[in-house]
Amino acid sequence: MVSSIINRSLDDAERLNPTLNSFLSVEREHAAERLDVLSNTSGQLPLHGYPIAVKDNICTNGMRTSCASRILENYRAQYDATAIERLNAAGAVVIGKTNMDEFAMGSSNENSAFGTVKNPWDIERVPGGSSGGSAVAVASGVVRAALGSETGGSVRQPASLCGIVGLKPTYGRISRYGLVAFASSLDNIGIFGQTSADAAKVLSMIAGRDERDATSADVAVPDYESALNDEIKGKTLGVPRALFADGLDNDVRHAVEGTIDRLKEQGAEIVEIELPNARYGIAVYYIIATAEASSNLARYDGVRYGFRAEDADELRQMYFKTREEGFGSEVKRRIMLGTYVLSSGYYDAYYSKAQKVRALVKQDYQKALAKCDAIITPTSPTTAFRIGERSDDPLAMYLSDIYTVSANLAGVPAISVPCGLSSERLPIGLQFIGDFWSEGTLLNLANTVETIVPIEEKPAIFAE
Amino acid sequence: MDVRKIAKLAHLDITDAEVEMYTPQLSQIVGYVEQLNEIDTSDIEPMLGGLTAEGEKTDSIRDDVVLASLGQETALSEAPSAVSGHFQVPKVL
């Protein structure tokens, strides 16, 4: 029964939320309306009655869309994002909006204005970020799939830390219309799934050209799910050994190396590759992403929507106070960094330089992917860290994204798939990075890892 | 780095305590990103966005026809203050 599946998801979301804090709103009323619509729909839709959780920076008409920020705390979106429109048309039901780092800025979910999300494997640890709420909604068994967003690893890193699949598609694969902008040249909607089949199912429904996002590309959308066959014989996988270096946790290294050996046994050919400029990825990212954010977040001024500071008696003062009171400390840190790198006299030294190194990072991928079908790296250098452990050191937090940011800089697709548990019983993720439009290949590789390195253990907090 | 000046450019009314917190943090991050100066980029064209070749080729021009838009009532419905079909703001000095 469609309604019992949806009601079970809603109940689980509400029951687990006091422990995990992964949802900012559970949308019972909306779900009931959708069930009504579905019951009057003739025939079976591809995602008929499929429950889905959505990150709170993706617009859902009439529902809260706060970006986990005080400045949008009471904002209700006035339209649906294209991805939501397509999910609805396919029969899916949004059951709630998920917690996140404020405006998707963070790698631990500790930057939410509405409290930290807990990792269901160990509630004293972070789920990763910025899409931590969506990752936890899937990892805790509330839904099989969820939407997140990525600017530098915000789907793959929490997927890795929570033991699920996280896909960042090619830039232009999924329309960004209705995704609240952070850094427009890097932003993507991404998908979490309990398995790669779940992610494939959702991707097939939401990918494709949309006239309302000029950067969405007119490239045919295959049925990604039907292409999952675990056939990887003859596939060439590139390993950038130089990146398996300092700061990489031993358990993570072992799990990834072990999985590479297993993939070889399955008939994949392993080759060594080099990504010489990948180590500059974080530096390039924190210039380009903050520059674009400082510009995109200029729209929050207390005039058209969201929070307005009360005690201002003239316009400019109202802007200054609204933004000061409405934004949290990481968001202000990045707005200021972005303002600095774009400011008069510094533009060439920082922003223009970063754009040139970004071109080099992309060239690295083009060269490497000419020699292999996909690149393998760890997704995150460590497993889930403790809440509070890195929150006083922004730079240490930024380095959590060392393996993920460069795919966003290059625009190529990448996927994280669980490949083992650490000695502390925490999930470890492996990342495949592929050429433009190779989502099908990446999903199939991830599916193979699920088959050859299955993880039977469930998180400590799990619905059912 | 003059954090107060940057905050002013960004329209943020930051406090003394924030100036104290952000000054060393931002200097540390800027120090980190300056490692890019070790790379010779004199012959490199800057990469402006994330578009793929297929994305570049995609025609972004749509037919010039009127489509439904939000409408005034909806557009104003989330405003902190709206009156007679306008957004209302404090006086502009």
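Predicted model: local features only at pLDDT ≥ 70, side-chain atom pairs only at ≥ 80, totals over all residues.

Visitor: What does Glu324(A) contact?
Guide: Leaving aside neighbours within four places in sequence, Glu324(A) is in contact with Leu12(B), Asp13(B) and Ile14(B). Glu324(A) is found in helix 9 (residues 315-326) of chain A.

Visitor: Is Glu324(A) buried, exposed or partly exposed?
Guide: Glu324(A) has 18 other C-beta atoms within 10 Å. A buried residue needs 20 or more and an exposed one has 12 or fewer, so Glu324(A) counts as partly exposed.

Visitor: How far apart are the C-alpha atoms of Glu324(A) and Val357(A)?
Guide: They are separated by 33 Å, and the two residues are 33 residues apart along the chain.

Visitor: Where does Val357(A) sit, and what does its helix meet?
Guide: Val357(A) is in helix 11 of chain A, on the side of a contact with helix 8 of chain A. From helix 8 of chain A come Gly281(A), Val284(A), Ile287(A), Ile288(A) and Ala291(A). Among their partners in helix 11 of chain A are Tyr350(A), Tyr351(A) and Arg358(A). The residues of this contact divide into nine nonpolar, two polar and one charged.

Visitor: At what angle do helix 8 and helix 11 of chain A pack?
Guide: The angle is about 130 degrees, and the axes are 9 Å apart. That makes helix 8 of chain A oblique to helix 11 of chain A. Helix 8 of chain A passes helix 11 of chain A in a left-handed crossing.

Visitor: What about helix 6 and helix 14 of chain A, at what angle do they pack?
Guide: About 160 degrees, with their axes 9 Å apart. Helix 6 of chain A and helix 14 of chain A are therefore roughly antiparallel to each other. Their crossing is left-handed. Residues meeting there include Ala199(A) and Leu203(A) from helix 6 of chain A, and Leu443(A) and Ala446(A) from helix 14 of chain A. By class, this contact has six nonpolar, two polar and two charged residues.

Visitor: New topic. Which residues touch the most other members of the largest nonpolar core?
Guide: The core has 157 residues, and those touching the most other members are Ile52(A), Ile95(A), Ala146(A), Phe192(A), Val284(A), Tyr286(A) and Ile287(A). Helix 8 of chain A gives the most to this core, with ten residues.

Visitor: What does Ile52(A) touch?
Guide: Not counting residues up to four places away in sequence, Ile52(A) touches several residues, including Leu87(A), Ile95(A), Val143(A) and Ala146(A).

Visitor: Leu87(A) is in helix 3 of chain A. Why is that helix largely enclosed?
Guide: Helix 3 (residues 82-89) of chain A is largely enclosed by the rest of the structure because six of its eight residues are buried. Leu87(A) is one of the buried residues, and so is Arg86(A). The buried residues pack against strand 2 (51-55), strand 3 (93-98), strand 4 (145-150), strand 6 (188-193) and helix 6 (196-206) of chain A.

Visitor: What comes just after helix 3 of chain A?
Guide: Gly91(A), which takes a positive phi of about 100 degrees.

How values were computed. Residues numbered from 1 in each chain as written. Chains lettered and ligands numbered in written order. Axes fitted to C-alpha atoms, helices over the stretch in contact; angles between N-to-C directions. Helix = DSSP H or I, 4+ residues; strand = E, 2+ residues; numbered from the N terminus. Parallel < 35°, antiparallel > 145°, perpendicular 65-115°, else oblique. Left-handed = near helix turned anticlockwise from the far one by under 90°. Contact = placed C-beta atoms within 7 Å. Nonpolar A, V, L, I, M, F, W, Y, C, P; charged D, E, K, R; others polar. Core = buried A, V, L, I, M, F, W, Y, C linked by C-beta atoms within 7 Å.
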